[in-house]
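Q: Could you walk me through this structure? I have not worked with it before.

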Amino acid sequence: MNQTLTARGPIARIPIVCLAGFMGSGKSTVGARLARHLGWRFVDLDERIEASAGITIPQFFERHGEPAFRQLEADELRAALGRAVEQKEPTVLALGGGTYAQPGAPEFLRNAGVPVIWLDARIEVLLSRCMTMTGRPLFRDEASFRALHAQRIVSYQLADFRVDSSGDAAVVVAEILRRGIAGVPATDLEAHLELEKPKS
Ligand code: S3P
C-alpha cells in the first residue's frame, strides 16, 4: 500500500473520521449510526470496493486474489477521501478489517490529517459476530482468525483513538460523541445523546 498511497499534506480541512478495527468490530454499524447522528455522509469502503469491481468481495478474492484486492482497497480509500474533500462533505469512513493493517496505511492517514478510531472488541465477541455471517474470505476458522487478529493488533494500536466496541452500537456511538472524538462541539453533545435514549 505504501507504493500506492501518498499524501502530500493534510487534506482534511473538512471533518473526516475513519473507523478501523478487525472483522466484526462494528465499523459499518457504528459508522452508519455515527454519521446519522452527526449529519455527516457515511461511506463504507467495502461497499465502494464492491461497487467499483462489480462483484462481491468473496468473488474478488476468488478471481483475483488478495494482493489485487489490497491494491483496489488502497485506490478506493484514496478515492473516498478525495471525494469527501472535493465535495466538501463531512464524512465517516468505515475501513475494511485489513485496510489499516496494510503497510503504509497508518502513515498515509496521519499525513492526510484524518483521525482514526480503532473499534476494539474482545476476540470472543469478534468471533461470535463473524461466525454467524458469511461474505468474509479471510474468516476461515477460529485458529486463523485469532492468529490474524494477533498479527494486526500492532497496527490498530497506531490509531488516534481506541473505543471499546464489545457492546451495543448505540453505546459505542455515545462514547465517541461523549469524548468529542469526531469534533462535535460540546454544546451539541446533549442533543446527540438525547437521540440515543430509548423511547419510554
Ligand atoms: C477483510 C475484512 C473485510 C473485507 C475483506 C478483507 C480483512 O472487511 O474488507 O473481506 O482483511 O480483514 P470487514 O472487516 O468489514 O469484514
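Q: Where is Ala79 placed?
A: Ala79 lies in helix H4. This is a predicted model, in which local features need pLDDT of at least 70 and side-chain atom pairs count only at pLDDT 80 or more, while totals for chains, interfaces and linings use all residues. Residues are numbered from 1 along each chain as its sequence is written. Helices (H or I, at least four residues) and strands (E, at least two) are DSSP runs, numbered from the N terminus.

Q: Why does Ala79 count as partly exposed?
A: Ala79 is partly exposed because 14 other C-beta atoms lie within 10 Å. A residue is buried if 20 or more other C-beta atoms lie within 10 Å of its own, exposed if 12 or fewer, and partly exposed in between, with C-beta atoms placed from the backbone.

Q: And how far is Ala79 from Arg48 in space?
A: The C-alpha atoms of Ala79 and Arg48 are 9.4 Å apart, and the two residues are 31 apart in sequence.

Q: What about Asp168: exposed or buried?
A: Asp168 is exposed, because it has 12 other C-beta atoms within 10 Å. Asp168 sits in the loop between strand S5 (161-164) and H8. Its C-alpha atom is 9.8 Å from that of Thr29, 139 residues away along the chain.

Q: Which residues of H8 are buried?
A: In helix H8 (residues 169-178), the buried residues are Val172, Val173, Ala174, Ile176 and Leu177. After H8 comes Gly180, with a positive phi near 65°.

Q: Stepping back, how many helices and strands are there?
A: The protein has nine helices and five strands. From the N terminus on, the order is β-α-β-α-α-α-β-α-β-α-α-β-α-α.

Q: How do S1 and S2 relate to S3?
A: Strand S1 (residues 16-20) runs parallel to S3, joined to it by four bridges. Strand S2 (residues 41-44) also pairs with S3 in the parallel sense, over four bridges. Two strands pair if DSSP finds at least two bridges between them. Ala94 in S3 stands opposite Leu19 and opposite Asp44.

Q: What covers the two faces of S3?
A: In strand S3 (residues 91-94), Thr91 and Leu93 are buried on one side, and Val92 and Ala94 are buried on the other. In a regular strand the side chains alternate between the two faces of the sheet.

Q: How many residues does the largest nonpolar core have?
A: That core has 51 residues, and those with the most contacts inside it are Cys18, Leu19, Ala20, Leu93, Val116 and Ile117. Helix H4 (residues 66-86) supplies the largest share, six residues. A nonpolar core is a set of buried Ala, Val, Leu, Ile, Met, Phe, Trp, Tyr and Cys residues joined through C-beta atoms within 7 Å.

Q: Which residues does Cys18 contact?
A: Apart from neighbours within four places in sequence, Cys18 is in contact with Leu93, Leu95, Leu109, Val114 and Val116. Two residues are in contact if their C-beta atoms, placed from the backbone, lie within 7 Å.

Q: Last topic: what is the pLDDT over residues 185-200?
A: The protein averages a pLDDT (the predictor's confidence in each residue, from 0 to 100) of 88, and 85% of the residues score at least 70. Over residues 185-200, however, the pLDDT is below 50, and this stretch has 13 contacts in the model beyond near neighbours in sequence. Where pLDDT is low, the predicted coordinates should not be read in detail.
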